[in-house]
Amino acid sequence: MPEKIIDINDLCHTFSDGYIGLKAICVSIYKGEFIILAGKNGSGKTTFLRHLNGLLQSDSGQIRVKGHSVSNHLIQTRKTIGMVFQDADTQIVGDTVFDEVAFGLENLKFSRADITAKVTQALKGLSLFHLQDRTPSSLSGGEKRRLAIAGILVMDPEVIVFDEPFSNLDYPGTIQVLTTIIALNQSGHTIIIATHDIETVICEATRVIIMENGQIKEDGTPADLVKHLESYGVKEPCSSKFGLGIQPWRS
Amino acid sequence: MAQLIPFTYRPGNSLLHRLDVRLKFFTICLISMSLLSAHLPACGGYALVLVFFFKTAGLNVWETLNSMKYFMLLLFFVFMARVLTVPGDILFVFHDISISEQGIMEGGLVAFKFFLVMVTGLIFSTTTKPSSVKSAVQWFLKPVPFVPEKRVAVMISLSLGFMPVILKQAREISNAQKARCADLQKNPIKRILRLVFPLLKKTFLSADSLVLAMESRCYTDDRTDPEFTPSGNERCFFAGTVVLCLSLVCF
Amino acid sequence: MNTTSQHLKMTVYTALFVAFIAIGAFIAIPIGPVPIVLQNMFVLLAGIILGPVWGLACVAIYLLIGLAGMPVFSGGTSGIGRLFGPTGGYLLGYLPAVFVTGSISKGLGKKMSSDILAMLLGTLIVYGAGVPWLKVVTAMSFGKAITMGMVPFLPGDILKIIAAAVIARRLRPVIKL
């Protein structure tokens with residue numbers, strides 16, 4: 001059994017207006033997994049992801065990341081679990097591509113020399129190096145999303161969490177991001193992707209978790225769960241519908 | 001943004017591009033202040049110096065004048081106000097208005113000085129990266145008490161990043177309303193509300209997700225300092241500036 | 001929400017208002033002979049939404065980036081020349097205006113009527129700084145400075161204040177400040 005990275009026990013969250021966000025979530029996540037968190041809009045996916053990063057505080061229950069409780073080890077958690085948000089435009093902080101990637105490292109008070117080295121490496125790894133002096137707002141959708149990934153990757157996380165990584169992307173943009181995610185998983189990162197449109201990534205996933213009304217309804221391999229998806233409001237991939245099983249999305 | 005704001009940074013590798021931004025900043029303040037007490041010959045001399053740097057910065061004369069046309073109008077205004085009010089040897093009288101030689105000279109000089117200060121600023125902003133300007137501001141604010149200079153620097157980056165996003169959304173909202181015949185609305189308050197309220201609401205909500213993204217990337221006020229890279233020409237340039245300013249004040 | 005996140009939230013909101021003030025110089029709504037430029041409305045809104053302290057920080061940062069040579073003043077110009085030029089008084093007047101507007105609105109309990117009163121005073125402060133400055137720099141008479149630098153904009157200002165009061169009332173529940 002691989003190393004257990006995240007351990008969640010009986011996690012509950014109620015919003016200030018009384019709306020129940022999460023109900024009794026129990027789940028463990030292991031190193032190297034590629035997890036799809038599926039469910040229709042409003043099923044609690046985003047709320048769940050925000051707990052992983054300590055952005056929301058739970059009412060009851062425990063989240064442990066590598067054995068440490070999240071609420072007491074915020075910085076450690078945020079270094080271990082990197083989070084790529086849904087809208088790439090609203091998570092950009094820097095004036096240039098380079099500064100944007102350097103932001104997290106500056107917060108962690110790395111020296112300038114270390115920052116330059118790490119940022120250069122991250123940008124080269126995601127083929128963004130030639131854009132380093134550009135303004136982030138002038139990039140294409142796929143480039144912006146990869147920039148957001150670079151900003152996370154540079155902090156050397158073990159788990160990378162994506163919230164709807166393919167929304168608003170054109171076909172080439174989607175391919176770019178998908179290829180990047182697959183490469184990250186192959187290099188040993190644990191991947192968690194929250195999405196209501198699972199067709200793009202289901203072939204690469206090792207595990208699917210289906211949420212509805214703030215609860216985890218099903219948890220299993222893609223092959224086992226693919227036929228159950230539509231009863232939870234998530235579209236079943238075409239290939240499976242036509243009886244061809246799960247096919248890779250990239251041709 | 002680029003169409004709206006003419007004087008944006010243009011990448012390049014000229015002497016001015018490579019100069020340490022703090023020195024450029026200091027120089028520009030010194031020159032602007034010296035200009036205020038300069039007389040016509042000195043201003044003429046400085047104009048020649050500017051022409052040289054104008055060429056070095058790779059600016060196009062016609063484009064520049066065209067983008068400054070509103071400012072020129074303001075200058076003309078300043079000129080006319082002096083011409084009409086400064087007493088002296090009457091040059092000619094038109095109906096009730098008498099124009100004096102001193103008035104023309106003084107008005108011309110004041111307008112010329114404003115013009116020179118403006119062009120100096122323009123050369124600065126076309127040869128300096130916004131991120132360097134931000135770093136310089138942070139550096140100059142450091143000795144000022146009660147000002148959290150690192151936070152100010154982050155706020156500058158954020159607001160520069162927001163500007164293109166806001167403009168894009170403003171255009172979208174305005175087009176969406178035009179498509180529904182909003183132009184027929186004559187009530188000016190309603191017109192303001194219909195443009196501004198959705199714009200504010202949308203951008204504030206996206207600001208909320210930016211807050212989360214910054215938190216998840218470990219934002220703190222205690223961050224790595226910016227780095228400055230002197231080009232090696234600073235001493236010569238500074239000596240030149242001092243000589244220039246002294247001659248501006250003396251002649 | 002804990003204080004650090006609250007602080008960060010205000011930091012981001014303030015930066016957002018800096019951007020709105022900068023862009024306000026370029027967004028014009030064409031009504032009548034003088035198009036309504038929205039910049040001073042965003043300054044007043046910064047006061048009543050962010051409060052006196054963050055509002056003051058907001059305007060100070062706006063002026064600072066303009067002073068530092070970034071093209072955020074109207075007409076795409078910037079720098080010391082602009083701040084000390086004929087229209088510099090209006091820009092500097094934003095500083096006391098946003099503080100007073102924010103203080104009054106906060107002190108009187110953020111009601112619509114108190115917001116309107118606060119913004120009226122704020123507008124007067126902007127002209128109180130802008131018109132004498134215009135007079136000194138251009139050497140025109142006081143009467144002329146008022147006719148050129150204040151009267152044509154007053155009708156638009158009234159409209160903007162009413163609009164801003166409505167916006168503030170609708171925006172506060174959205175952003176939960």
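The side chains of Lys160(C) and Asp157(C) meet in a salt bridge, with N and O 3.5 Å apart. A salt bridge here is a side-chain nitrogen of Lys or Arg within 4 Å of a carboxyl oxygen of Asp or Glu. Both residues belong to helix 8 (residues 154-175) of chain C, where they are 3 residues apart, about one turn of the helix. Helices (H or I, at least four residues) and strands (E, at least two) are DSSP runs, numbered from the N terminus. Lys160(C) counts as buried because its relative accessible area is 8%, and Asp157(C) is buried with 4%. Buried means under 20% relative accessible area, exposed means over 50%, and partly exposed lies in between (1.4 Å probe, protein chains only). In chain A, salt bridges that share partners join Glu33(A), Arg207(A) and Asp219(A) into one network.

This is a predicted model, in which local features need pLDDT of at least 70 and side-chain atom pairs count only at pLDDT 80 or more, while totals for chains, interfaces and linings use all residues. Residues are numbered from 1 along each chain as its sequence is written, chains are lettered from A and ligands numbered from 1 in the order in which they are written, and side-chain values use heavy atoms, with hydrogens and water left out.

**Salt bridges within chains**

Over all chains, a search of the whole structure finds 21 salt bridges. The table lists some of them.

| Pair | N to O distance |
|---|---|
| Lys66(A) and Glu158(A) | 2.6 Å |
| Glu230(A) and Lys241(A) | 3.3 Å |
| Lys160(C) and Asp157(C) | 3.5 Å |

Lys66(A) and Glu158(A) meet in a salt bridge. This pair links distant parts of the chain, 92 residues apart: Lys66(A) is in the loop between strand 4 (60-65) and strand 5 (68-69) of chain A, and Glu158(A) is in the loop between helix 5 (141-153) and strand 7 (159-163) of chain A. Lys66(A) is partly exposed at 35% relative accessibility, as is Glu158(A) at 23%.

The side chains of Glu230(A) and Lys241(A) also meet in a salt bridge. Glu230(A) lies in the loop between helix 7 (222-225) and helix 8 (238-241) of chain A, and Lys241(A) lies in helix 8 of chain A, 11 residues apart. Glu230(A) has a relative accessible area of 37% and is therefore partly exposed; Lys241(A), with 45%, is partly exposed.

**Contacts between chains**

Of the 2 pairs of chains that touch, chains B and C have the most contacts. Contact means heavy atoms within 4.5 Å. The contact of these chains takes 57 residues from chain B and 60 residues from chain C. The area buried between chain B and chain C is about 5400 Å², with 86% given by carbon and sulfur atoms. Met155(B), Ile192(B) and Phe204(B) supply 13% of the area that chain B buries against chain C, more than any other three residues. Buried area is the accessible area (1.4 Å probe) that two parts lose on being put together, summed over both. How many salt bridges cross the interface of chain B and chain C? The rule finds 0.

The contact between chain B and chain A takes 27 residues from chain B and 33 residues from chain A. These chains bury about 2500 Å² between them, 55% of it on carbon and sulfur atoms. Arg217(B), Cys218(B) and Thr224(B) supply 30% of the area that chain B buries against chain A, more than any other three residues. The count between chain B and chain A is 6 salt bridges. Glu215(B) forms a salt bridge with Arg78(A), the closest N and O atoms being 3.6 Å apart. Chain A and chain C have no contact, and their closest C-alpha atoms lie 9 Å apart.

**Hairpins and a helix**

In chain B, strand 1 (residues 90-94) and strand 2 (residues 97-100) pair in the antiparallel sense over 4 bridges. Two strands pair if DSSP finds at least two bridges between them. Val93(B) stands opposite Ser98(B). The strands form a hairpin with 2 residues between them, and His95(B) in the turn has a positive phi of about 50°.

In chain A, helix 1 (residues 45-52) is mostly covered, with 6 of its 8 residues buried. Among them are Phe48(A), Leu49(A) and Leu52(A). Just after helix 1 of chain A, Gly54(A) takes a positive phi of about 70°.
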